[in-house]
Amino acid sequence: MLEMHGISKIYRTDLIETHALRDFSLNVGDGEFVAVTGPSGSGKTTFMNVAGLLETFDTGTYKLDGQDVSRLSDEARSKLRNEKIGFIFQSFNLIPDLDIFDNVDVPLRYRSLAKKDREQRIKSALDVVGLTSRMHHMPSQLSGGQQQRAAIARALAGDPRFLLADEPTGNVDSLMARQVMDLLEQINEMGTTIIMVTHDPELARRAHRNVHIVDGQISDLQPYETRDSAIMKPVTAATAMSPA
Amino acid sequence: MFGYYLELAFRNLKRNPGLTALMIGAIALGIAVCVMTLTMYRAMSGNPIWWKNDVLYAVTMDFWDPQEPYWDDYPDLPPEQLTYRDATAVYASAIPKRKVIMHKAVGIVSVDGQQAKPERTPTRVTTKDFFAMFDVPFQYGGTWTDAADSGPEPVIVLSRKLNEKLFGGANSVGRRIRWNDNEFRVIGVRDHWMPLPTFYDVNNGPLEDPEDAYIPFGWSVALELESAGNMNGWKPEDIKNYQQLLNSENTWIQMWVELPDEATRDRFQGFIDNYSQEQKQAGRYQRPLNNRLTRPDQWLEDNQVVGNDDRVLVGLAFAFLAVCLLNTVGLLLAKFLNHAPITGVRRALGASRKQIFLQHLVEVGVISSIGAMLGLALGGLLLLGIRALYTFDPTESAGTQAIAQVDVTSVITALALAFFATIAAGLYPAWRIGRIPPASYLKAQ
């Protein structure tokens, strides 16, 4: 699903160069649920941005769903992003002056789908997250947990191949966090690949694999054989590049 | 997608009503000032008799002071009017197809037995060809004969407006009126006619209305009428009576001729040059030979009907529009950058740079359209204000009214101006917002 090899990303200013990712390699297989952890400034968000085609990289190769995305135009990258990737953000990033229905509609608009098809997808996505009754509420009228569920519905509406979730529970209370996590697991069980950045070891433990990033490099890959048992197994360099 | 962009544009406009009002206001103000100055410029710079531009000529002859020219700034140009004796002498030529000598006067018009107050009426004292030469339309009746010119016969042509005042708009041909206490018979009523500028007499302001009454030129002498316009002379003369005025070097008569082809024009040019030579021998016309036959478009140019001030004003109006648009660019940038986090979300959800650019360009288009409409309305109001400033009675001066009307060309010009100018102004902000890396705002939102 996602194959990164030797990726590096450097942010440059007049005075300083910051190596956000160094020789970063990772494979994520179809249907995997990968948790990405690491200290602040380690490169987690840069990895997510590169993986989500929101940023380009300096060296290395990146194949998404078998397609090399290294030299795609903005138009092609946007199309891929729209059709294959769903985003879930820590701060929800719902558009404040659109109601929930219209928020979920945003990615579908850029796909030029017929109105009827869009409506069907929106209602179906809102049904999955349990917000059908709130579809005409404004984001400000919803709790944090509800807003995150709305954001998940927006990510799901386009029927993406994989979801990128950046601290999806960072702005909700622990009860809501569990609900959001349950929802992500449910989505993953339906076949969607998920990569989730989190600081919460409890949530990380529920993923299939845990990728730990330090200083722009993967320092550790720890697959979980079962989520329930939460037994960690150290990995070798040979297994690091292949899905669990 | 256009419908979606339009929907987003209106939504975004409502999101910041203050900023939106500022932008629309800035565009509207710039457009309004441009519409106003352009309308005035167009009205004043147009050739109102363009279809006869190749056959009509103003006749001017340089008999002025041998020591200094008539125009300090344009020493090559002769005086714009003729003396009475030159005008009548040249008028005797049979070469022109049509010819007219004339001046403006003011008479008090009344109708016996009517309660209406006597009207102070601008009157053109003219030879009969005035109407045919300048294609003046008639509502009733027509003009007089050559005999009536020299007679002179007490006949008068009224304007439609004066006829409505005096006779309620009825066919008044044959009715009698009093003009400066002399009885005249109405032989014609001129229909709506509003050459703008009034090219045939630039003495009294190019925005003046055509006169409301017309009487044969012979009445000038018979009633010892003086010009109601400028009268200029170059040498000190002791003028004690009307006959001395007629023989003086004072200019106050306008002359136009209609010369159907170049050959006729050359013949007439020869005629007036010969006349000047004769006058030179008699001690007049001491300046180098400089008699001109000037076509209407050149005539308006020579007489600076559209002066440099007007051109500067148009330039200033466009500069003002540029300043307004520059402000709009700033406001648009501020507005768009303020929404950058939302744009970042849209980019993350699949919008390409091009789609973001187009979305914002549509928003600019909506702002510019509203600004243009408002500017047009505001421009109309400004022109109405000008009309109110320059006329005591808005119904009196049709010429100024014409200036105060936004014509179709101005509407199209304003809309095109607003559209292209604002789109141009919005290109940079729309492009800029499309170039913002989406990732930089996703965490920050």
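Student: How many residues does the contact take from chain B and from chain A?

Tutor: In this predicted model, the contact takes 21 residues from chain B and 21 residues from chain A. On the side of chain B that touches chain A, the elements giving two or more residues are α1 (2-15), α12 (340-348), α13 (353-390) and α16 (439-442). Of these, α12(B) gives the most, with four residues. By class, that side of chain B has eleven nonpolar, four polar and six charged residues.

Student: Where in chain B is the pLDDT below 50?

Tutor: Where pLDDT is low, the predicted coordinates should not be read in detail. Chain B averages a pLDDT of 86, and 92% of its residues score at least 70. Over residues 392-398 of chain B, however, the pLDDT is below 50. Beyond near neighbours in sequence, this stretch has eight contacts in the model. For the model, the scores are ipTM 0.86 and pTM 0.66.

Student: Why is α5(A) largely enclosed by the rest of the structure?

Tutor: An α-helix has 3.6 residues a turn, so residues three or four places apart point the same way. Helix α5 of chain A covers residues 144-157 and reaches 20 Å from its first C-alpha to its last, close to the 20 Å expected. Twelve of its 14 residues are buried, so α5(A) is largely enclosed. Among them are Q146(A), R149(A), I152(A) and L156(A).

Student: What covers the buried residues of α5(A)?

Tutor: The cover includes β6 (85-88), α3 (100-109), α4 (115-129), β7 (162-166) and α6 (174-189) of chain A. Just after the helix α5(A), D159(A) takes a positive phi of about 55°.

Methods: Residues are numbered from 1 along each chain as its sequence is written. Chains are lettered from A and ligands numbered from 1 in the order in which they are written. This is a predicted model: local features need pLDDT of at least 70, side-chain atom pairs count only at pLDDT 80 or more; totals for chains, interfaces and linings use all residues. pLDDT is the predictor's confidence in each residue, from 0 to 100. Two residues are in contact if their C-beta atoms, placed from the backbone, lie within 7 Å. The expected span of a helix is 1.5 Å times one less than its number of residues. A residue is buried if 20 or more other C-beta atoms lie within 10 Å of its own, exposed if 12 or fewer, and partly exposed in between; C-beta atoms are placed from the backbone. Ala, Val, Leu, Ile, Met, Phe, Trp, Tyr, Cys and Pro count as nonpolar, Asp, Glu, Lys and Arg as charged, and the others, Gly among them, as polar.
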